[in-house]
Amino acid sequence: MAAPIEVAVCTDSSAQLWSCVVWELHSGANLLTYRGGQAGPRGLTLLNGEYLLAAQLGKNYISAWELQRKDQLQQKIMCPGPVTCLTTSPNGLYMLAGIAESIYLWEVSTGNLLVILSRHYQDISCLQFTGDSSHFLSGGKDCLVLVWSLCSVLQVDSSRTPAPRHVWSHHTLPITDMHCGFGGPLARVATASLDQTVKLWEISSGELLLSVLFDVGIVAVTMDLAEHHMFCGGSEGSIFQVDLCTWPGQSEKSFQSEQDSGKVFKGHRNQVTCLSVSTDGSVLLSGSHDETVRVWDIQSKQCIRTVTLKGPVTNAFIMLAPVSMLSSDFRPSLPLPHFNKHLLGAEHGDEQRRGGLTLRLGLHQQSCNKQAADLRRLTRCFLLGVGWRWSIPLSERHLEPVFHLDRSPATWSGQSSCTW
């Protein structure tokens, strides 16, 4: 079996030749281009390995392409306002967008807008999920980073306002970038700010582990997969490498460019807007407002490839190419639904269920028919015993089993039959 191919995915603000380009990381060969719009900073993401989504710069919609149908814009997802940042959950079930100072959360399988979170005071600048999709983080121009538990946000009681699990307020100027490591709720998070610091946090405790002070504002940050090194992109074009294993016990550190000259990547002539590290930790990808994307050898700090674009680079990241990207006959397992601009039940015509509970099997569970059947039987036995009516409508559009439970006087007799 052939090894997975690492590709670089890039966008610029001009979009003269294409909206997005995909090229093989090590050879530099162009693989795919997508046309139709200009992707904004922190506004490019993959959905479930089947769709490419791009928040349009200064506009109130998100462009969506099937990974293989690159020349045809599949859908425009209309939003209530211009999208400042965009991300999707690794499990493919949810999409997050920053619109002004609010966070919008959609369910991908139905297109329902589940919740609007308004705890920031200024525009959202970056959003990111943890690797297990259990938490997500938001950073804004109000200098705050908020950590949210997805379970708490999706609580059944709509009368309660979801609160973030942690509020990190140590930065003094706008947040520019975030990077979440591995570990789900135990992960470490790096946050960058124009206040010339990068801070390293722990999600589980909410504690600040490390704060590094630089001579310039930091616009981009990332870590290698092993989290041995942190890479910080400066507003003047330098990239700084911080070795996380050499400062045990120290919570504050100043990065001295003169003393740590061997830890600086030099080549960009303007601010570094995005950073990404290859899977094996040997290659660093950087994008800049100088209209170039550079590939660096991390050990030697030498630039091994420069790709010139037509405008300031807004997004650049490395990923393992999904099968759908390289297979010409691949088609998504499910079509994208219509994404609602209003909360479920808030718009005329939306179905609003009262006093009930909906159990929905996610996309990753739909193939597990036997487990789904066992779940239906088990839940039906339990719920009939406490007086609930059970109905199972099938969504024709998504072929998704949706179980709706609703309290009904007709079943309050306490029957306990559990035949199916």
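Student: What makes Ile5, Leu31 and Leu326 a nonpolar surface patch?

Tutor: These three make a patch of about 230 Å². Nonpolar side chains (Val, Leu, Ile, Met, Phe, Trp, Tyr) are joined within 5 Å. Areas come from the Shrake-Rupley method with a 1.4 Å probe, with only the protein chains shown as cover for residues. The model is predicted: local features need pLDDT of at least 70, side-chain atom pairs 80 or more, while totals for chains, interfaces and linings use all residues. Residues are numbered from 1 along each chain as its sequence is written, and side-chain values use heavy atoms, without hydrogens and water.

Student: Why is leucine 326 called partly exposed?

Tutor: Its relative accessible area is 45%. Buried means under 20%, exposed over 50%, partly exposed in between. So leucine 326 is partly exposed.

Student: What makes the link between the side chains of asparagine 340 and asparagine 112 a polar contact?

Tutor: The distance is 3.2 Å. A polar contact needs N or O atoms within 3.5 Å, one able to donate a hydrogen and the other to accept it; residues adjacent in sequence count only if both atoms are side-chain atoms. So this pair qualifies.

Student: Which residues does asparagine 340 contact, beyond its neighbours within four places in sequence?

Tutor: Trp106, Gly111, Asn112 and Leu113. Contact means heavy atoms within 4.5 Å.

Technical notes
Patches are made of residues with over 30% relative accessible area and no salt bridge: like charges are joined within 9 Å, nonpolar side chains (Val, Leu, Ile, Met, Phe, Trp, Tyr) within 5 Å. A salt bridge is a side-chain nitrogen of Lys or Arg within 4 Å of a carboxyl oxygen of Asp or Glu. Buried means under 20% relative accessible area, exposed over 50%, partly exposed in between (1.4 Å probe, protein chains only).
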